[in-house]
Amino acid sequence: MSSTRPAAPPPPTPKPGRVKVYRALYDFQARSDQELTFTEGELMYVSDEQPNKDWFQASIGGKKGLVPANYVISENMEELPNPLHEAARRGNMDMLAECLRERVSVNSLDKSGSTPLYWAAHGGHLAAVDMLLKETKVAVSVQNKLGDTPLHAAAYKGHTECVRLLLEASANAFIRNQDQKLPIDVSKDADIAALLDKAMKENRINEQEYAEYLSDSDAD
């Protein structure tokens, strides 16, 4: 399928910004060395900071170049919602690494208000949790719409090593969800409860919160 092209692409000016991910539904043949050639099924990463309205700066397989805007914003492309979340949820390390390399936001939120780290922890995908935590800008203790953090998810699902990694990355064990539950409250595993209890005792900044937790536990 063809689309009307602008006369000539401008000089490429790649800039970091919010990145959207598309899957090509048709082949595209570049007509200059500034454009990108791609085939059906390939993934394209497109920044929201663009040279002008006619051309999009994009990346495919690590190669950067330009594609006509009217080709991307059409039936030629399928936008993939929350690709980093999906990779984290499935433990798809290749896709996870590619999304991070192409600067898909590590702290973006899906419809549930959850981050990719939440879904990696929820699924017990240790390698994915580790990779996400190594991102310098990752937010470790983001609450979703239910108030749950990645630490809540890992504790509830019984993923001991994910809990350990999150705590080593300074995950906040004192955050309560909408049910007023701490991560230790939702844990069903003795080893995880012990890890969380130790982390709470060692966190001097939150000694008062720990005392309140003990008081609540005694009341129960």
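Analyst: His152 touches Gly147, Ile175, Arg176, Asn177, Lys181, Leu182, Pro183 and Val186, leaving out residues up to four places away in sequence; contact means heavy atoms within 4.5 Å. The model is predicted: local features need pLDDT of at least 70 and side-chain atom pairs pLDDT 80 or more, while totals for chains, interfaces and linings use all residues. Residues are numbered from 1 along each chain as its sequence is written, and side-chain values use heavy atoms, without hydrogens and water.

User: Why does His152 count as buried?

Analyst: Buried means under 20% relative accessible area, exposed over 50%, and partly exposed in between (1.4 Å probe, protein chains only). His152 has 2% relative accessibility, so it counts as buried.

User: What makes Gln180 exposed or buried?

Analyst: Its relative accessibility is 51%, therefore Gln180 counts as exposed. Gln180 also has a positive phi, near 65°, although it is not glycine.

User: Why is Asn82 called partly exposed?

Analyst: Asn82 has a relative accessible area of 30%, so it is partly exposed. Its phi is near 50°, again positive in a residue other than glycine.

User: Which residues touch the most other members of the largest nonpolar core?

Analyst: They are Val163, Leu166 and Leu196, in a core of 40 residues. A nonpolar core is a set of buried Ala, Val, Leu, Ile, Met, Phe, Trp, Tyr and Cys residues joined through side-chain atoms within 4.5 Å.

User: How do you know where this core lies relative to domain 1 and domain 2?

Analyst: Domain 1 (19-80) and domain 2 (83-216) both give residues to the core, so it lies between them. The domain bounds come from an automatic or database domain assignment.
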